[in-house]
Amino acid sequence: MKLADLYFLPKAFEGDGRVYEYMGVSWFKDQVRRLGRLTGRNAARPNNYFLWDRSADGLHAYEKMTRRNEVMHLVGVLLPLLGLLRGATDGALQVVLWVVLAVNVYPYLLQRYNRIRLLRVLKRRKRLIGQDRPLVHGG
């Protein structure tokens, strides 16, 4: 197991993803899908927010993309949080920091939620097919 896996693999408290469902992440996911359809971005074209290849290679590639997306959104959560905790006093700056924080929290949680579900599919697939390929690729 690689060091990155210690962070990216689901934790015991995340279980089967229900904690994220209780937090409204599945509703948020539906809204992202709806927005994707409205803007013409969907699973028909390769991208890093929609699963577009359901083959084993595609699932592994998507798992890797969830890691990259998660890190980007984590930065979008941590930097504004640090600014707020350090006592940003300018009202306009506080508003910007809160907006950036709010815009990144659910996308961050969505990446964790998607990975839990994806790893469950890969595990089931491995059991059925009996392939020797590891469940995850290093980040």
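Tutor: Contact means heavy atoms within 4.5 Å. This is a predicted model, where local features need pLDDT of at least 70, side-chain atom pairs count only at pLDDT 80 or more, and totals for chains, interfaces and linings use all residues. Residues are numbered from 1 along each chain as its sequence is written, and side-chain values use heavy atoms, with hydrogens and water left out.

Student: Which residues is Ile116 in contact with, leaving aside neighbours within four places in sequence?

Tutor: Ile116 touches Pro10, Glu14, Gly15, Asp16, Gly17 and Tyr20.

Student: How do I read a nonpolar core?

Tutor: In soluble globular proteins, nonpolar side chains tend to be buried together. A core is a set of buried (under 20% relative accessible area; exposed is over 50%, partly exposed in between; 1.4 Å probe, protein chains only) Ala, Val, Leu, Ile, Met, Phe, Trp, Tyr and Cys residues joined through side-chain atoms within 4.5 Å. Here the largest has seven residues: Tyr20, Val25, Tyr108, Leu109, Leu110, Tyr113 and Ile116. Helix H5 (residues 91–129) supplies the largest share, five residues. A second, separate core has six residues, including Leu59, Tyr62, Leu118 and Leu122.

Student: How many helices and strands are there in the chain?

Tutor: Helices (H or I, at least four residues) and strands (E, at least two) are DSSP runs, numbered from the N terminus. The chain has five helices and zero strands.

Student: Where is Leu82 found, and is Leu82 buried or partly exposed?

Tutor: Leu82 lies in helix H4 (residues 56–85). Leu82 is partly exposed, because its relative accessible area is 47%.
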